[in-house]
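Subject: Structure for your files

Hello,

My notes follow below it.

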Amino acid sequence: MDGYAVRAEALEKRYGEKRALDGFDLEVREGTVHGLLGPNGAGKTTAVRILSTLVRLDGGSATVAGLDVARQAREVRARIGLTGQYAAVDEVLTGRQNLEMFGRLFHLGGRRARLRATELLEQFDLADAADKGVGKYSGGMRRRLDLAASMILAPAVLFLDEPTTGLDPRSRGEVWESVRALVAGGTTVLLTTQYLEEADKLASRITVIDQGRAIADDTPDGLKNLVGGDRIEVVVAERSEIPRVVKVVARVADGEPEADETELRVHAPVADRVTALTEVARTLQDEGVRVEDIGLRRPSLDDVFLRLTGHRTEKEAAA
């Protein structure tokens with residue numbers, strides 16, 4: 001597979017006059033988590049549906065595990081797993097019964113299905129709850145069971161479409177640990193998510209998609225560098241102090257300071273982080289400017305996302 005588990009070149013998908021994908025390119029290295037980020041409606045889910053053979057492409061080409069998704073769809077389906085935004089497990093059944101059912105659906109036979117269910121319950125740290133009804137599981141446990149079900153055939157490639165939507169922070173952390181364990185075992189994961197923290201923590205590389213096209217592809221740190229390096233940030237107590245703070249910050253800034261009058265915040269990129277922070281803090285104190293907070297910060301993926309797409313993520317906008 002020349003080191004790549006997933007390749008897409010100039011993918012196109014149209015729904016009437018709407019172009020859901022308009023020349024989308026993607027390369028995912030084997031044994032990694034690759035994040036796919038984009039605003040709502042950018043084409044993320046359409047791309048996953050094409051790569052997982054659920055939707056036919058209208059143009060371009062794509063391979064998964066070295067197989068053509070258009071000409072070898074049946075073979076592709078035997079090499080992949082797919083987990084959507086909502087758990088696809090039966091709440092009436094126990095965790096073990098769910099996995100055995102999926103095993104039989106994949107034609108493993110009774111004995112092999114039972115053995116595989118036991119293996120996966122251990123792998124996803126669900127053995128103690130194996131014989132409890134799934135209706136009594138926490139959100140994180142259900143998602144881990146859902147991940148386990150997608151791994152019945154030990155797929156080479158796993159597509160995760162917003163796998164932690166609606167989960168609390170603890171449950172999200174449980175799912176993250178399961179994903180890391182899968183990748184450590186050699187599985188390749190393509191992750192779509194609205195949680196930028198999730199992509200930052202899990203993905204070794206991220207593709208940003210907007211209006212059906214890939215507009216950036218790099219490591220998380222590489223993407224952050226697109227927005228610049230460290231920034232000094234000052235939050236003042238009074239709006240009237242903002243012009244004075246802008247002048248002070250401008251003396252040490254490596255670019256034009258920006259002021260947010262709603263958040264009473266002034267920030268700017270700096271080259272010499274320690275010197276800049278020390279000088280701004282001392283000057284503001286000497287001039288008697290009341291400051292609520294001052295510090296240095298690295299650009300986040302939120303900053304990258306906003307800079308590249310002009311949008312905040314759906315999750316951030318709703319917050």
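The mean positions of the 45 positive and 52 negative charges of the protein lie 6 Å apart. Lys and Arg count as positive and Asp and Glu as negative, with His and the chain ends not counted; each charge is placed at NZ of Lys, CZ of Arg, CG of Asp or CD of Glu.

This is a predicted model, in which local features need pLDDT of at least 70 and side-chain atom pairs pLDDT 80 or more, while totals for chains, interfaces and linings use all residues. Residues are numbered from 1 along each chain as its sequence is written, and side-chain values use heavy atoms, leaving out hydrogens and water.

The protein has 12 helices and 14 strands (DSSP runs, H or I of at least four residues for helices and E of at least two for strands, numbered from the N terminus). The C-alpha trace spans about 80 × 45 × 35 Å along its principal axes. Of the 319 residues, 48% are buried (under 20% relative accessible area, 1.4 Å probe, protein chains only).

Glu241 sits in the loop between β11 (231-236) and α9 (242-250). Glu241 is buried, at a relative accessible area of 12%. Leaving aside residues up to four places away in sequence, Glu241 touches Val236, Val289 and Arg290 (contact means heavy atoms within 4.5 Å).

α9 packs against helix α10 (residues 273-286) at an angle of about 145°, with the axes 9 Å apart (lines fitted to C-alpha atoms over the stretch in contact, angles from 0 to 180 degrees between N-to-C directions). Val245, Val248 and Val249 of α9 make the contact with Val280, Thr283 and Leu284 of α10.

Regards

How values were computed. Buried < 20%, exposed > 50% of the residue type's maximum accessible area, 1.4 Å probe, protein only.
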